[in-house]
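Walk through this model with the coordinates open.

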Amino acid sequence: MADSVVREVEVVNPLGIHARPSHAIVSTASRFAAAVQLRGADRVADARSILSVMTLGAVQGTRLRIEAQGADAEAAADALAELFAAGFHERGDS
Amino acid sequence: MSYTDLLKKKAILLDVDAGDGDRILEVLADGLCNLDPELVPRRGELLDALRERETLGSTAAHMVAIPHVKLPGVKKVSIVVAVHQAGVDFRALDGELVHVFFSVVRPEESADEHLAILRWIADIAQHQDFVPFARQATEPSHIIDLLAEFSPA
């Protein structure tokens, strides 16, 4: 029986989701069996595809929904929400 | 949004046959210097920045890589597109060899434009026909036409 979890997150780091944060999102999502999507205002990205994540073009302040489905959906959504909250561990402009 | 206007024919490098990922970065740095004369005296700095960028995490997926850097003092965005027929191991997350490289150098104060450019490239690269068609190109204009065709409206 698959679980389904939704979390609202905001892009807080100044540079938005450029390549390095995209890489961090894909690496994190890939640790889990759950399917994870990031839903933006005008499109949905597969959290395990770096190109797909980059097509969100999410700047600082963008709000996204993490949608995870699968046995470990909750853990996957939590891990990603934590990554967003930490600003992808970026300090200022990098 | 399309950035094909940024692309000149001399920005398209066909038949690149660099043997490995580091040699490719040298070819890309040369290509960028060829587009912006201001980069010529800074080739070493540019190459170091490109190498440094790739150590932060691979920019490759779907047979496409996007080695990109910002350089303080650079006045404009330059983009080089290089096609490698045999493919190069560029440590892609999906393990695939990379056949098309988009290399971008940009001014320091351009974070939002940078995201828009990455989005433009990622949109194009996700088309499953993009890499096969790019590999068939025999003229730089073919690549420019292909990018225009695959750019989101």
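**A helix inside, then outward**

In this predicted model, the buried residues of α1(A) are A19(A), P21(A), S22(A), H23(A), A24(A), I25(A), V26(A) and A29(A). The helix spans residues 19-29 of chain A, and eight of its eleven residues are buried, so the rest of the structure largely encloses it. What do the buried residues of α1(A) pack against? Within chain A, they meet β2, α2 (50-54) and α3 (73-85). From chain B, β4 (68-70) and α3 join in.

D42(A) sits in another setting. This residue lies in the loop between β2 (35-39) and β3 (44-46) of chain A. Is D42(A) buried or exposed? D42(A) has 7 other C-beta atoms within 10 Å, so it is exposed, the cut-off for that class being 12 or fewer. L56(A) is 14 residues away along the chain, and its C-alpha atom is separated from that of D42(A) by 8.4 Å.

Now take the contact between the chains. On the chain B side there are 19 residues, in contact with 16 residues of chain A. Which element gives the most to the chain B side? That is α3(B), with ten residues. By class, the chain B side holds ten nonpolar, six polar and three charged residues.

The core comes next. The largest nonpolar core has 75 residues. Three of them touch the most other members: V53(A), V64(B) and V81(B). Helix α3 of chain B (residues 111-125) gives the most to this core, with eight residues. V81(B) touches L7(B), A11(B), I12(B), V100(B), F102(B) and I143(B), leaving out residues up to four places away in sequence.

Finally, look at a helix pair in chain B. Helix α1 (residues 21-35) and helix α2 (residues 43-55) have axes that come within 10 Å and cross at roughly 135°. That angle makes α1(B) oblique to α2(B), because only angles over 145 count as roughly antiparallel. The crossing of α1(B) past α2(B) is right-handed. On α1(B), the contact is made by L25(B), E26(B), L28(B), A29(B), L32(B) and C33(B). On α2(B), R43(B), L46(B), L47(B), L50(B) and R51(B) take part. Eight residues of this contact are nonpolar, three are charged and none is polar. An α-helix has 3.6 residues a turn, so residues three or four places apart point the same way.

Conventions
Residues are numbered from 1 along each chain as its sequence is written. Chains are lettered from A and ligands numbered from 1 in the order in which they are written. This is a predicted model: local features need pLDDT of at least 70, side-chain atom pairs count only at pLDDT 80 or more; totals for chains, interfaces and linings use all residues. A nonpolar core is a set of buried Ala, Val, Leu, Ile, Met, Phe, Trp, Tyr and Cys residues joined through C-beta atoms within 7 Å. A residue is buried if 20 or more other C-beta atoms lie within 10 Å of its own, exposed if 12 or fewer, and partly exposed in between; C-beta atoms are placed from the backbone. Helices (H or I, at least four residues) and strands (E, at least two) are DSSP runs, numbered from the N terminus. Two residues are in contact if their C-beta atoms, placed from the backbone, lie within 7 Å. Ala, Val, Leu, Ile, Met, Phe, Trp, Tyr, Cys and Pro count as nonpolar, Asp, Glu, Lys and Arg as charged, and the others, Gly among them, as polar. Axes are lines fitted to C-alpha atoms, for helices over the stretch in contact, and angles run from 0 to 180 degrees between N-to-C directions. Angles under 35 degrees count as roughly parallel, over 145 as roughly antiparallel, 65 to 115 as roughly perpendicular and the rest as oblique. A crossing is left-handed if the near helix is turned anticlockwise from the far one by less than a right angle, and right-handed if clockwise.
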